[in-house]
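Reader: I have a model open and would like to learn how to read its features one by one. Could you walk me through it?

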Amino acid sequence: MRDPAPRRSLRARRVTSGAMIGLTVVAAVFATLPLLFILGLLLERGATSLNWAFFTAMPRPVGESGGGMANAMVGTLMLLGIASAIGLPVGIGAGLYLAEHRGQRLASVVRFLSDVLNGLPSIVIGIFAWQFLVRPVRHFSALAGGIALAVMMVPLVTRATEEMIRTVPDALREAALALGYPRWRTSLTIVLRTALPGIVTAALVAVARIAGETAPLLFTAFGNQFWSASLAQPISALPLQIFSYAISPYDDWHAQAWAGALVLLALVFLISLVAKFATRSRFGGGHD
Amino acid sequence: MSTTPLHGASFGDRVYRGTTAAFVLSIPALLVLLGIEVAVAAWPALSAFGFGFLTSSEWNAVDGRFGAAPAIYGTVVSSLLALVIATPLALGVAIFLSEFAPRWLRQPVAFLVDLLAAIPSVVYGLWGIFVLVPLLRERVMPFLADRLRLGGTPFFSGPAYGPSMLAAGLILAIMVLPYISSVTREVLLAVPRSQREAALALGATRWEMIRGAVLPYARSGIMGGIILGLGRALGETMAVTMVIGNRHDISASLFAPGYTMASLIANEFSEATNDLHLSALMAVGAVLLALTLVVNMLARWLVWRVERRGRS
């Protein structure tokens, strides 16, 4: 290491030290300020345009004030449902495999590739899903949107599941095997069951992460001003609706966008909060 | 390992093994499929324009001539700008949280910074359109150009529209800050206590301990965190699309509107006029894919190196 005491007076060194510590405090303040600004404004603008109709009514055409995002909320829930139905089994299964074949070359390659997949820009996943799922059938669909989100979910769930299963003591697994349990039953009923609260948390964190995604949905779910619950039709989603309202020139729609953003953020925070409690009940306070 | 106490068990084991193996193989399969699909879709444009696609700044859907240089330039500049702003702040927060903060303050502040990562991109964009961009146009840009007399320099010249490279860089800075700070915090916590105690025992002040004993030890991990943040910034789409102004132009001025690869795709894809236009956008996606792959691999490798050293 560098010489800790260059030829400077102790007082000067202490002053430098204090000043630098002060700067880290300033950095901490500056890093948290934008969050407080954004949350504050969101509450202020979102709450003024939020009412019961926002949850129950359909979007109104330009010029008519009021209306809501009922279809977008249902759309978001449907897309999250499709994504979870595909992404969770694949992610958990892959996580199980990785945890049970720790030393294998295949496991470390897949671990690396799932980090690579996790780091891909969401817009690239969007155009991939368009090319693969939308272009051949020539129309946008809720299913394509859900699958695009599932692709984003898989690496998150895989890595988190693996981490959780690693916390299960080997003794538990060995005890079950010694009792004559086949490996598959040991894995599914003992190991997975023990790690379940952690995996539930991981799943919820992944859902919270993708709930606000817009880019993968632009060319897959596409958005829809009308009511739709069909997998084969374009479907609306909160982030899509917020985007199209935000870039529109109408004040009514801007107000709706703020309300939508507040609802979306509330949804994301709610899921994250449930995720925290799911772990806490078993492990007594999570560490993230 | 295949001890099979019961006759039926071995069948169950094979099904279980086969299923989980199929799920695990779906990850590489997905990546290969993604690479092939994007490459195939990008091929017509890439073969029509060749290397010129990366260097030409002409983007004309009517004449069918496409060059991605402005979008590549905008992606790189906005991301680097974000890193220049976010890195000192993120390092400051991480050092504060791991070394100086009183215990009761650590969890809440770390939680708040992590929350920044939970806010959806489109919400940042909304805030950007209605708060950040007007603020830049009416206060910050006039202040920089006239008060500080930077208007004469090429970087702060031109009219203050609001939507600009500067707006994109600022919003990206807020968005990547939590990624850099959380990796840095983890890396700092992995620095052994003995390293700190040795420095203090030699008479170092607390800052000298950080600078001389902690930061050098954690350096490559911190680099990994910064590059991970870079990877996020390069691919960030919605917030940037909403504030960068979307114009095919290379300008040295941070006040000028620009384009990034991601925002170009988001903006023009659903309005693509013909097959070549669509393929050009796919080619932009392929360039973005290649760039983020390289950046992310570099970041993982750096973080992995520190973690391995920390373990042994």
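Author: Gladly. Let us start with chain B, which reads α-α-β-β-α-α-α-α-α-α-α-α-α along its sequence. Helices (H or I, at least four residues) and strands (E, at least two) are DSSP runs, numbered from the N terminus. Before we go on, this is a predicted model: local features need pLDDT of at least 70, side-chain atom pairs count only at pLDDT 80 or more, and totals for chains, interfaces and linings use all residues. Residues are numbered from 1 along each chain as its sequence is written, and chains are lettered from A and ligands numbered from 1 in the order in which they are written.

Reader: How many helices and strands are there in chain B?

Author: Chain B has 11 helices and two strands. Its C-alpha atoms fill a box of roughly 70 × 65 × 35 Å along the principal axes.

Reader: What share of chain B counts as buried?

Author: A residue is buried if 20 or more other C-beta atoms lie within 10 Å of its own, exposed if 12 or fewer, and partly exposed in between, with C-beta atoms placed from the backbone. Of the 312 residues in chain B, 51% count as buried.

Reader: And how do I read contacts, within chain B and between the chains?

Author: Two residues are in contact if their C-beta atoms, placed from the backbone, lie within 7 Å. Taking contacts in chain B between residues at least 6 apart in sequence, 76% join residues at least 24 apart. Between the chains, 70 residues of chain A are in contact with 76 residues of chain B. On the chain B side, helix 1 (residues 9–49) gives the largest share, 18 residues.

Reader: Which classes of residue make up the side of chain B that touches chain A?

Author: Here Ala, Val, Leu, Ile, Met, Phe, Trp, Tyr, Cys and Pro count as nonpolar, Asp, Glu, Lys and Arg as charged, and the others, Gly among them, as polar. That side of chain B divides into 53 nonpolar, 18 polar and five charged residues.

Reader: Let us turn to chain A. How many residues of helix 5 of chain A are buried?

Author: Helix 5 of chain A (residues 122–134) is mostly covered, with 12 of its 13 residues buried. Among them are A:Phe128, A:Trp130 and A:Phe132.

Reader: At what angle do helix 5 and helix 6 of chain A pack?

Author: Axes are lines fitted to C-alpha atoms, for helices over the stretch in contact, and angles run from 0 to 180 degrees between N-to-C directions. Helix 5 of chain A packs against helix 6 of chain A (residues 142–166) at about 135°, with the axes 9 Å apart. Helix 5 of chain A is therefore oblique to helix 6 of chain A; angles under 35 degrees count as roughly parallel, over 145 as roughly antiparallel, 65 to 115 as roughly perpendicular and the rest as oblique. Residues of helix 5 of chain A including A:Ile125 and A:Ala129 meet a set in helix 6 of chain A that includes A:Ile147 and A:Val151. By class, this contact has nine nonpolar, two polar and no charged residues.

Reader: How do helix 7 and helix 8 of chain A cross?

Author: The axes of helix 7 (residues 170–178) and helix 8 (residues 183–211) of chain A come within 10 Å and cross at roughly 155°, which means that helix 7 of chain A is roughly antiparallel to helix 8 of chain A. A:Leu172, A:Arg173, A:Ala176 and A:Leu177 in helix 7 of chain A meet A:Thr186, A:Ile190, A:Val191 and A:Thr194 in helix 8 of chain A. This contact has five nonpolar, two polar and one charged residues.
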